[in-house]
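Thanks for coming. I will take this one from the overall layout down to single residues.

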Amino acid sequence: MAHRHVAHHRDLETGVDMARKPAYGGGGRFSYTGGLEFTGLTYTVVKKQRGGEKKEVDLLHEITGYAPKGCVTAVMGPSGAGKSTFLDALAGRIGSLDGRVALDGVEMSPSLVKRSSAYVMQDDRLFPMLTVAETLMFAADFRLGSSVSAADKRLRVDNLIDQLGLATSRNTYIGDEGTRGVSGGERRRVSIGVDIIHGPALLFLDEPTSGLDSTSAHSVIEKVHDIACAGSTVVLTIHQPSSRILQLLDHLVILARGQLMYSGAPREVAAHLARMGRRVPKGESSIEHLLDVIQEYEQSEYGVAVLAEFCLTGLKPPKLAVEGVSTVSSIPPTPLLSAHHGEDFDHSLRSQHSRSPWSGGGGAQFTPSRRPRRDGGRHAHPEIVMGTPTPLSSAYTVSEGDYRTPTPRRAGAAPTGAPGVGITSLGHRGKFANSYPGEVWVLMRRNFTNILRTPELFLSRLMVLVVMGLLMATMFTKPRDDAQGVTERLSFFIFTVCVFFFSSNDAVPAFIQERFIFIRETSHNAYRASAYVVAGLVTYLPFLLLQSAAYAAIVWFALRLHGQFIYFLVMLYASLLSTNSFVVFISSVVPNFILGYAAVIAFTALFFLFCGYFLDSRSIPAGWRWMNTISTMKYPYEGLLMNEFRGGRVFSPGPPPLTGDAILGHLRISTAEDRKWWMVLYLMGWAVFYRVLFYLVLRFASKNKRK
C-alpha cells in the first residue's frame, strides 16, 4: 500500500507551503481534511425603480463552492461584486438567505455558525484606554467563560500575543485620535486576536488590509496565514492584494455582480483563462488579467452571466471584439484544447469550480493523472495537467468519487480527517460561555476600568453640579419667608431640576461610541444584551450618587431648605437616574452624535414646557395633558416643592396668611404626606421604563445582520 506523500516545497507562483497541503493516499484518492461548503447561496432584495415600481435583485446568485480547512480563502472581485454580502452569508448574518452552508459535510444553522466562528469587522472597534493585554484578557473572560481558570486564560492570552507579534505592545494602550497608542497594523491584529481567543473553527475577516500600508497589510495576512496553518478555516475579503500577499493565499473565490467567476487555487487562474480562450500577457498577474476580463464582459452586451455560466458548466463565453486582446487561438493549442477544437463547450471544466468534495458528481467526468513513481511505489507524486479539476490546489488530482456526497453524519460526529473534533466542540456547549452574574461582573470590571482611565466624563458632570451648587448657594442665600422668598424658592427648584436634566446630556456619545463594539461582541454571543444593560446601570450608580450628594450638601444648608434632607437627596438621585436612562435610550436609536444631541435638546424643551412650572396640570389643554404625564421633569419639580412647602408654615402674615399648604394648593399640587414619595416611585418607574426600551433596542434592533 502506497504511503501518503507530502511535497516539502513552496509553490513557485503562490508561495503556498505544500507541506501542509493534503495529498494522496494509495490509489490516487484525494485525502480531504475538511472545510466550509456552500451550495446555491442566493440573496434577493427588492429595490424601488424610478417609477416607483419594485424589482427583485439578486445580490448573490447561486454561488456554490467551498473553503478548505487549514487554508486561507480570499474572496475577490471588483467593487460592487458582493464580497461583503457573500462573507455575511457564510457567517450567518443574512436573515433571508437561500442555500446551504455546511462544515465538514454537516449542515450548519446560522446560530451554530456564529458559535463556531469569529467575524473580524473592517473597522477596528476597540476601547482606546485599554491595553493590548487587557483587551485580550477581557475577550478571554467573555469567550472562554468561568470553566477555564484565570491562569489558563492568562496563558492563552500570552500565547496569542506572541502568535500575533504583539509582545512589544502588550502594555500599550489601544489609543484613538486623541490618545497615542498602537500602530494601525497592531490594532488590526488585536481585533483579530479578540475574535480568535476561543479558538474558533471558522474565521471570517472583512477587508483586513483596508487602511494599512503594504508592510502592515502583509504582516496582518501573515498572521492570518499562521492561524490557518493551526487548523482553522479562514475566509477573508480583499480588494487589491499585493504580490507578497498573494503568496499567502491558498484558495480564491472571485465574484462579480453577485455571481461566481472563479473558485480554485491562485496558480490555476492562468489555466482557467486559457480554457476561456484568453492568454495572460507576459509579466502581468493572471488574477489581475482575469479581473480585467471580467470588467470587459461587464461593460459588454453579454454581461458577466456568460462568465458565471462558463465557471459552472464549461460553456465558453462568446468572444469580444476588443482590440489588443490576445486569445489562445493565436498560439499552438494545448492537447486539452485541441481535443475540443471546434466546440464551444469545455467538458473538462464542467462543475470544476462550483463543486465541493461533498457535492454530487453524477455529471462530472474526471481524469486523474500521476507521474511515474521514482521511489518504487512508496510515494505518489501528483502532477498538474491542464484542464484537470483541482478542488483545493494544483498540487494534486482527484477522482470522481472525491466529489460525491458522503454518508450523512449527525451534527456533532467527528468529521473525517479530524478525529475527536465534532461540531459541538467548536464552540461553547451552551449559547453563552458565562452565567448571567458572571457576564455582569466582567462587564462591570471593564466599565470601571474605562471610567478610571477616562475620568473626564464623570469629573465634568461633577464639576458642573458643584459649580452650579455654589452659584445657587450664593444667589439664593437664606431666602426670606415672604412672597419674594417664595418666588426665589420656586426659581431655585425649577433651575435645579433643569440642571440635573441637562447634566446628563453629555452621556449621548457613551453608547454611540460603544455601539459597534457591542454589536461585534454580541454577534457571537459573548454576553447577553440584558447583562450589558444591568452592568451599565450598576456601574454608574455610585457615581450618580456622588454627584447628587455633592450638589445637595452645598445648597441645602446655604439656602436653609425645609423638609427632609434625605428626601431631597433621594429625589435628586432619582432624577439623575431617570435622566441618564432617558439619554442612554435616545443614544441607542440615533445614528450619530448630532441627531442625538438634537433629540435630547428637543425633548428637554418639551419636558420643561409641560412640567407644571408655566401652567399647572389642570390648566394645560386637555389634548396636551399626556405630555405633562410623560414629562420626567414634573415629578422632581412637584416632589421638591412638596418637601419644602408642605405644612402650616407661614410665609406671609396676610391677610389672609400665606402658608405652605396654600402655596401648594395654588399650584394644584397635592399636600398628602405620602404623595411626595409617590413622586420618587413614579420617577424610578420612568427610569426602569427607559432602561427596558434601551434593552429592547439592543436586543432586537442592534444586530449586525442583513434583513
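The protein has 22 helices and 12 strands. Both are DSSP runs numbered from the N terminus, with helices being H or I of at least four residues and strands being E of at least two. This is a predicted model, in which local features need pLDDT of at least 70 and side-chain atom pairs count only at pLDDT 80 or more, while totals for chains, interfaces and linings use all residues. Residues are numbered from 1 along each chain as its sequence is written, and side-chain values use heavy atoms, with hydrogens and water left out.

Some totals next. Of the 707 residues in the protein, 53% are buried. Buried means under 20% relative accessible area, exposed means over 50%, and partly exposed is in between, with a 1.4 Å probe and protein chains only. The accessible surface comes to about 31200 Å², and carbon and sulfur atoms account for 57% of that. These areas come from the Shrake-Rupley method with a 1.4 Å probe; for residues, only the protein chains shown count as cover. As for contacts, meaning heavy atoms within 4.5 Å, take those between residues at least 6 apart in sequence: 73% of them join residues at least 24 apart.

Now the sheet. Strands of a sheet pair through backbone hydrogen bonds, either parallel or antiparallel. Here, two strands pair if DSSP finds at least two bridges between them.

At the β10 end, β9 (residues 251–256) pairs with β10 in the antiparallel sense, over five bridges. In that part of the sheet, V253 stands opposite S263 in β10.

P78 is in the loop between β3 (72–76) and α1 (83–90), and is partly exposed at 26% relative accessible area. Leaving aside neighbours within four places in sequence, P78 is in contact with K83, H239, L255, A256, L291 and E298. The C-alpha atoms of P78 and R257 are 8.6 Å apart, although 179 residues separate the two along the chain.

On to the aromatic residues. A pair of aromatic rings is described by the distance of the centres and the angle of the planes. Rings of Phe, Tyr and Trp (its six-membered ring) pair if their centres lie within 6.5 Å; planes under 30 degrees apart count as stacked, over 60 as edge-to-face, and the rest as tilted. The structure holds 31 aromatic pairs. One of them is F500 with Y551, edge-to-face, at 5.1 Å centre to centre and 80° between the planes. This pair links distant parts of the chain, with F500 in helix α14 (residues 483–502) and Y551 in helix α16, 51 residues apart. F500 is buried at 0% relative accessibility, and Y551 is also buried at 0%.

Another pair is W686 and F689, whose ring centres are 5.5 Å apart with planes at 85°, so this pair is edge-to-face too. W686 and F689 are three residues apart in helix α22 (residues 675–701), which means they are separated by about one helical turn. W686 is buried at 17%, whereas F689 is partly exposed at 40%. Both belong to one aromatic cluster, together with F501, F582, F585, F603, F607 and Y690.

Most residues other than glycine have a negative phi. D104 has a positive phi of about 55° and is not a glycine. R560, also not glycine, has a positive phi near 50°. Where are they, buried or exposed? D104 is in the loop between β4 (97–103) and β5 (106–107), and is buried at 9%. R560 is in the loop between α16 (529–559) and α17 (565–589), and is exposed at 51%.
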